[in-house]
Amino acid sequence: MSDNRRLNASRGYRADLQRKKERFVSLTTAVCTLAFIFYTLLAPDAGAAFFSSLNSYFNEHFSWLYVLMVNAVLFYMLWLCCSPYGKISLGGPEARPVFGDIAWYSMIFSAGIGIGIFFYGVAEPIYHLQLPPALDGSGAFDNFKVMFVHWGLHPWAIYGILAIGLGYFS
């Protein structure tokens, strides 16, 4: 009988600890978000200067990390598709898809990229005509190379890894 009481007390302690962690994470996120909002509303010029300098710093010092991580995610997703892990059914062993493959791909394309290509298909290559001289190559075709990085396999790999995480843990 005392073992059951200890087990129930242990479960209660773990549940209480989990609630405290959830409360801490929620409050910390709310405080940071509100601080960001009030800072940008109360001091818009200072906020713009601060975030512009922060953006420049990260672009100058960590752009290599961004390129490395995006390529790593792409290769991981390709490996995952070709490995035995690619056969794991999300939603459980008895789950059946609500939509067929063609309908699913149509929805993903329409929602995820359709409007982006419609709008940015023309705007982005024109925007990239303004590349700095160090990045500018031999001609206007380089702008389409940069655009392909934004609309090719790399962003789909990032979307996919987030979707797999959400699908696996939901």
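Which residues make up the largest nonpolar core? In this predicted model, where local features need pLDDT of at least 70, side-chain atom pairs count only at pLDDT 80 or more, and totals for chains, interfaces and linings use all residues, the core consists of Val73, Leu74, Met77, Leu80 and Ala157, five residues in all. Helix α2 gives the most to this core, with four residues. A nonpolar core here is a set of buried Ala, Val, Leu, Ile, Met, Phe, Trp, Tyr and Cys residues joined through side-chain atoms within 4.5 Å; buried means under 20% relative accessible area, exposed over 50%, and partly exposed in between (1.4 Å probe, protein chains only). Residues are numbered from 1 along each chain as its sequence is written, and side-chain values use heavy atoms, with hydrogens and water left out.

Stepping back to the whole chain, there are five helices and zero strands (DSSP runs numbered from the N terminus, helices being H or I of at least four residues and strands E of at least two). Of the 170 residues, 12% count as buried. Among contacts (heavy atoms within 4.5 Å) with a separation of 6 or more, 56% join residues 24 or more positions apart.

Helix α2 covers residues 44–82 and has 39 residues, yet its end C-alpha atoms are only 49 Å apart, short of the 57 Å that a straight helix would reach at 1.5 Å a residue; the expected span is 1.5 Å times one less than the number of residues. At phenylalanine 62, α2 bends by about 70°, the angle between axes fitted to the seven residues ending there and the seven starting there. The buried residues of α2 are Gly47, Val70, Val73, Leu74, Met77 and Leu80. Phenylalanine 50, also found in α2, counts as partly exposed because its relative accessibility is 39%.

Valine 73 touches Ala157, Ile158 and Ile161, not counting residues up to four places away in sequence.

The largest pocket has a volume of about 1,500 Å³. Of its 34 lining residues, the closest to the centre are Leu90, Trp104, Gly160, Ala163 and Ile164. A pocket is an open set of points on a 1 Å grid over the protein atoms alone, where a 1.4 Å probe fits, with protein on both sides within 12 Å along at least five of seven lines; lining residues have an atom within 4 Å of a point. The largest share of this lining, twelve residues, comes from α5.

Notes: Points joined across faces, edges and corners; volume = space filled by probe spheres on them.
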